[in-house]
Amino acid sequence: MEPVGSFLPGKTGTSHFDPVAFVKRPRTILRLLCWVFSMVVFSCIVNEGYMNIGSERLLCVFNKNADACNYGVTVGVVCFLGSVCFLVVDIYFPTIHSVRLRRRATLIDMVFSALASFLWFVGFCFLANQWQQTTEEELPLAQGSDAARATVAFCFFSILTWAGLTALALQTFINLFQNFSLFTDQLDDNAGYRDNARGAPVANGVTVVTTNPYQQAPPFSETLSLDPSALTPAPVF
């Protein structure tokens, strides 16, 4: 779990990137797994997911359904690029000083991860169904069968990894709101203390005026009253 201070606005020159600690983070491990799984899915389909039987036309190994192969390649490439982009965001996230930008980046990460998990779930169901309907006559010498099984398996693994990233992004988003609210409450308490010391109105319309015993009166603030009779010179005998 990340420390509370990492969710508050950073200070210039206080962030230090540690590659070893970064790689050991659960978010980074899941991000790398998503990157690898996406690459395996679309590479298996592109390399061995098509076959030609008695013609020059390439047919998809998933029940000769071109939509199945196109779906797997599209989702795999999009998630592959998304993993790379968000991995870069994770590296620079501690250096972002604006809490608003942090919340936006976390929200985008959460939405993208949830959408990717849903797309992989749809792809797993779709490809598994098409592979189940594929007969042995359609695949002579089991051409592309290993690649098809690997594609279905890594689609299932991608569901879990992207769901894990969604949970981590949601946790970060909640922590950002909680810790920033605590940070602003402390600032409001300090501001209220200063206002009360100056005699500012507080709740229920009561005005509290505090007197500083160490405050000295400004010079020449008192008016001197002079008696004219005191200035008359005494008689001389």
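Visitor: Is Arg 149 buried, partly exposed or exposed, and what is its relative accessibility?
Guide: In this predicted model, Arg 149 has 47% relative accessibility, so it counts as partly exposed.

Visitor: Which residue does Arg 149 form a salt bridge with?
Guide: That would be Asp 146, with the closest N and O atoms 3.6 Å apart. Asp 146 is exposed, at a relative accessible area of 59%.

Visitor: And where do Arg 149 and Asp 146 lie?
Guide: Both are in helix α5 (residues 145–197), 3 residues apart, which is about one turn of the helix.

Visitor: Okay, switching topic. How many salt bridges are there in the whole structure?
Guide: A search turns up 4.

Visitor: Which residues are linked in a network of salt bridges?
Guide: Arg 27, Arg 31, Asp 90 and Asp 109.

Visitor: Let's take Asp 109 and Arg 27. How far apart are the closest N and O atoms?
Guide: They are 3.7 Å apart in that salt bridge. Asp 109 sits in helix α4 (residues 99–133) and Arg 27 in helix α2 (residues 26–48), so the pair ties together parts 82 residues apart in sequence.

Visitor: Buried or exposed, those two?
Guide: Asp 109 is buried, with a relative accessible area of 5%. Arg 27 also counts as buried, at 9% relative accessibility.

Visitor: What about Arg 31 and Asp 109?
Guide: Their side chains meet in a salt bridge too, at 3.1 Å from N to O. Arg 31 belongs to helix α2 and Asp 109 to helix α4, so this pair joins parts that are 78 residues apart in sequence. Arg 31 is buried, as is Asp 109.

Terms used. Residues are numbered from 1 along each chain as its sequence is written. This is a predicted model: local features need pLDDT of at least 70, side-chain atom pairs count only at pLDDT 80 or more; totals for chains, interfaces and linings use all residues. Side-chain values use heavy atoms; hydrogens and water are left out. Helices (H or I, at least four residues) and strands (E, at least two) are DSSP runs, numbered from the N terminus. Buried means under 20% relative accessible area, exposed over 50%, partly exposed in between (1.4 Å probe, protein chains only).
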